[in-house]
Amino acid sequence: MEYFLSEQQKTLKSLARQIAEQRILPVRAELDEKEEFPWDLIKEMASSDLLRVFIPEEYDGLGGGCFDLCLVVEELSRACGGIAISYAANALGVLPLMLYGSDSQKAKYLPAVASGNRLAAFAVTEATAGSDASAIRTSAKRDGDQYVLNGTKQFITNGGEAEIYTVVVMTDAAKGSRGASALVVEKGTPGFTFGKKEKKMGIRSSATRELVFRDCRVPAENLISREGMGFIVAMRTLDRSRPGVGAQAVGIAQGALEAAVEYAQQRVQFGHPISAIQAVQHMLANMATELEAARALVYATARTIDAGAKSFTEESAMAKLFASDMAMRVTTDAVQILAGAGYMRDYPVEKMMRDAKITQIYEGTNQVIRSAIALEVLKRKAKLE
Ligand code: CAA
């Protein structure tokens, strides 16, 4: 499929591919095995300006949009989902600031993220608030010119490694989702500590930790937008970032398809390569077709967002849903084509299958994502009547 990328996008894509092939491929299995955060690779990406892609030009970024970010995330994910999410979660962490931050907040935080001096993370999820994001309990009570935070965030990607956290808290629990607010909390703030690093099925080189707030005092100027806007900030952030999860899924599936094709052409059974067997050919055909359909949906959604669409909750949710379900099928089939070899860690496809699973879970489980899409579909139907 020809997606008619601009010259700048082609350059960006090929830079990301070069880093992925030369630097990520040789170490991905080791980092996965050791569950080691890819700091060297993050620094390498920073020195190649990849961390500037999603930051506006006035804050030392390259001013790229959702589509540019998706192109980079796809290429990194083709090599390693864990390293790619460490990159993508950094973008997610600053999205609330880019969408709703004040000029002074942007000036303070965005250039540091653009240069790679500081990583960011986004924190909504809690033990009692997963799909039900408005059930958060972490509280922030105003005390003079500060907020005092108490509570624990769970499963935070880049947790512990990031320096800048955009955190959704309750400033007025009685108001439910309208009582939530978003704040920036910096690593090192007294009263802010981290829980243990989670041991995960996949994306094991990425860091996932609890954020623990105990009487943590944060300047009131760190409030993003205004009190009561936290849930909207979170939802609008996720609307914009979910195509990025779709791009991760597309990249992981692309890597798995390529590994399956290579293996099928080399593996000889019954006197010929297994790629000559129609059953295998049909699997490859389905994998390639579904992958391209997902890529087209992710790209179209990202371009819709960049073109200035006002509301894209549905499209963004669809891109994440379709691409992540596709990635799970394609990586599972890749393991099946490699069969016994595919199940072993000597080959990359078992990792790809493990990495693909999370794309069906984070930034909204595909079940809650379906509910969100259904809501939009029903609203549209109601409008037509
Ligand atoms: N844009 C703007 N406003 C929105 C919105 C959106 N996309 N979605 C909801 N709202 C508004 C509603 O209009 C409503 O406003 P009013 O109070 O004025 O009526 C308000 O927010 C509450 O909306 P709902 O009643 O629809 O909210 P809900 O409690 O039923 O939840 C939900 C809706 C879509 C299920 C939401 O809870 C959700 O998205 N859940 C999934 C959570 C999620 O994705 N978590 C991921 C965490 S981040 C992560 O995973 C990162 C990582 O690791 C890398």
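Which helix gives the most to the shell around the ligand? I found helix H7 (residues 230-266), with seven residues; helices here are DSSP runs of H or I, at least four residues, numbered from the N terminus.

I noted that the model is predicted, with local features needing pLDDT of at least 70, side-chain atom pairs pLDDT 80 or more, and totals for chains, interfaces and linings using all residues. Residues are numbered from 1 along each chain as its sequence is written, and side-chain values use heavy atoms, without hydrogens and water.

I listed 21 residues around the ligand, with Ser131, Arg178, Asp239, Arg242 and Glu363 coming nearest (near: a heavy atom within 4 Å).

I then looked up polar contacts (N or O pairs within 3.5 Å). A ligand oxygen is 2.9 Å from a side-chain N or O atom of Arg242, and one is 3.4 Å from such an atom of Ser134. For Glu363, a backbone N or O atom lies 2.8 Å from a ligand oxygen.

Key:
A polar contact is a pair of N or O atoms within 3.5 Å; within protein, one must be able to donate a hydrogen and the other to accept it, and residues adjacent in sequence count only if both atoms are side-chain atoms. Helices (H or I, at least four residues) and strands (E, at least two) are DSSP runs, numbered from the N terminus.
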